[in-house]
Amino acid sequence: MSGTVIAVAAPPEVRELFFDQAGWAALTRLGEVRLPPDGDDVGDEAVLTRLLTDADVVVTGWGAAPLTPAVLAAAPRLRLLAHTGASVKPFVTPESFARGVRVTQAGDAMAYAVGEQALALTLALLHGLHRFDHALRTGVDWATAKAAPPRRELRGATVGVIGASRTGRTYLGLVRALGARVLVVDPYLSAEGAGALGVERVTLDELLARSLVVSLHAPVLPETTRMIGSRELALLADGALLVNTARSALVDEAALLTALRSGRIDAALDVFDAEPLPVDHPFRGLPNVLLTPHESAGTVQSRRRAAEIVLAEIDRFLRGEPLRHEVRPEHLDSTG
Ligand SMILES: NC(=O)c1ccc[n+]([C@@H]2O[C@H](COP(=O)([O-])OP(=O)(O)OC[C@H]3O[C@@H](n4cnc5c(N)ncnc54)[C@H](O)[C@@H]3O)[C@@H](O)[C@H]2O)c1
């Protein structure tokens, strides 16, 4: 649209991940695109400030600096922040909302990829794939490798889902389709909502005690931070399986390490307190843990969907139409 300036606050590798040629061409049709100079870090407030000087819209990738009062003061035209990821908390500020900078995000784009990876991790844990793989790679004899703990099928299993969020709903739909019975903990899920999803609402303690698989899908909020500690882990049955594709802050990692070292439970983890996961981290040596490097959302389709959402939201914004993925200040209390 003529006169519109769109700043892209993301390094080249992140831009390429999200925007293929057609996506990038579509962005340039929406406005004049400004990029940070190669090598400049958009996490640096001074770099972001220079980038936003005449911008009407900013497209953010991970690691961009927040819209501090200083950045906003130097960006008088800025009216929309469109984030390629889900959580906008690292970028928005009370001042940016007060200044009327609207905010949108592409969390919906990731939900399917994360839900499907959580399913893949669930199936891998149920079938002991991580233990077999670990045993064969570390050179134990065939008979020892075969003598893994009992494996179970998903059909008929009880799966506990913490958070009927976007990723949680995708995951629970997939496991239900494969025959699992689903328990959910979510203070925002009504009885009617649970009925429509075909799940049972329970307390956290009940979910932990009854589930063979527990999959975490809650956002990080004061009430969810470290919601799974040693007391909660102790409620899990022997042989229970924990999947975390959400955030490590939901779990007391030291308590989880103790539980895993005991061999009583198995886990699949995509998220960690320290990322990158240190090369000498004890998780890496445990046969009962399946590890992935925070890549649950990283499918080709998920990244392209995110770009499509961002492009469509900018287009709607420029046409004066309602945004479909807008984040308002009041949403920040129930989302990550
Ligand atoms: N591993 C990855 O690559 C990846 C990618 C995307 C999201 N995530 C993480 O996955 C988690 C879920 O993301 P999302 O986009 O599905 O979340 P979301 O923004 O949809 O979550 C909001 C929902 O969480 C539920 N909720 C709120 N408070 C809760 C509570 N106290 N207990 C249980 N449920 C509660 C409510 O249903 C609310 O609507 C987040 O922690 C997010 O950071 C990870």
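Student: In which helix is Thr 167 found?
Tutor: Keep in mind that this is a predicted model. Thr 167 is found in helix H9, which covers residues 166-177.

Student: Is Thr 167 buried or exposed?
Tutor: The idea is to compare the relative accessible area with a cut-off: under 20% is buried. Thr 167 has 17%, so this residue counts as buried.

Student: What does the side chain of Thr 167 make a polar contact with?
Tutor: Its partner is the side chain of Ser 165, at 3.3 Å.

Student: Now rings. How many aromatic pairs does a search of the whole structure find?
Tutor: A general point before the count: a pair of aromatic rings is described by the distance of the centres and the angle of the planes. Here the search of the whole structure comes back with three pairs. One of them joins Phe 18 and Trp 62, with 5.5 Å centre to centre and 55° between the planes, and that pair is tilted.

Student: Where in the chain do the two partners, Phe 18 and Trp 62, sit?
Tutor: Phe 18 belongs to helix H1 (residues 12-18), while Trp 62 is in the loop between strand S3 (57-60) and helix H4 (69-73). They are 44 residues apart, so the pair links distant parts of the chain. As for burial, Phe 18 is buried at 2% relative accessibility, whereas Trp 62, at 40%, is partly exposed.

Student: What kind of aromatic pair do Phe 19 and Trp 24 form?
Tutor: That one is edge-to-face: 80° between the planes and 5.6 Å centre to centre. Phe 19 is buried, at 7% relative accessible area, and Trp 24 counts as partly exposed at 23%.

Student: Zooming out, what does the secondary structure of the chain come to?
Tutor: You'll find 14 helices and 12 strands. Of the 336 residues, 52% are buried.

Note on methods. Residues numbered from 1 in each chain as written. Predicted model: local features only at pLDDT ≥ 70, side-chain atom pairs only at ≥ 80, totals over all residues. Heavy atoms only, no water. Helix = DSSP H or I, 4+ residues; strand = E, 2+ residues; numbered from the N terminus. Buried < 20%, exposed > 50% of the residue type's maximum accessible area, 1.4 Å probe, protein only. Polar contact = N/O pair within 3.5 Å; in protein donor to acceptor, adjacent residues only side chain to side chain. Phe/Tyr/Trp six-rings, centres within 6.5 Å; stacked < 30°, edge-to-face > 60°.
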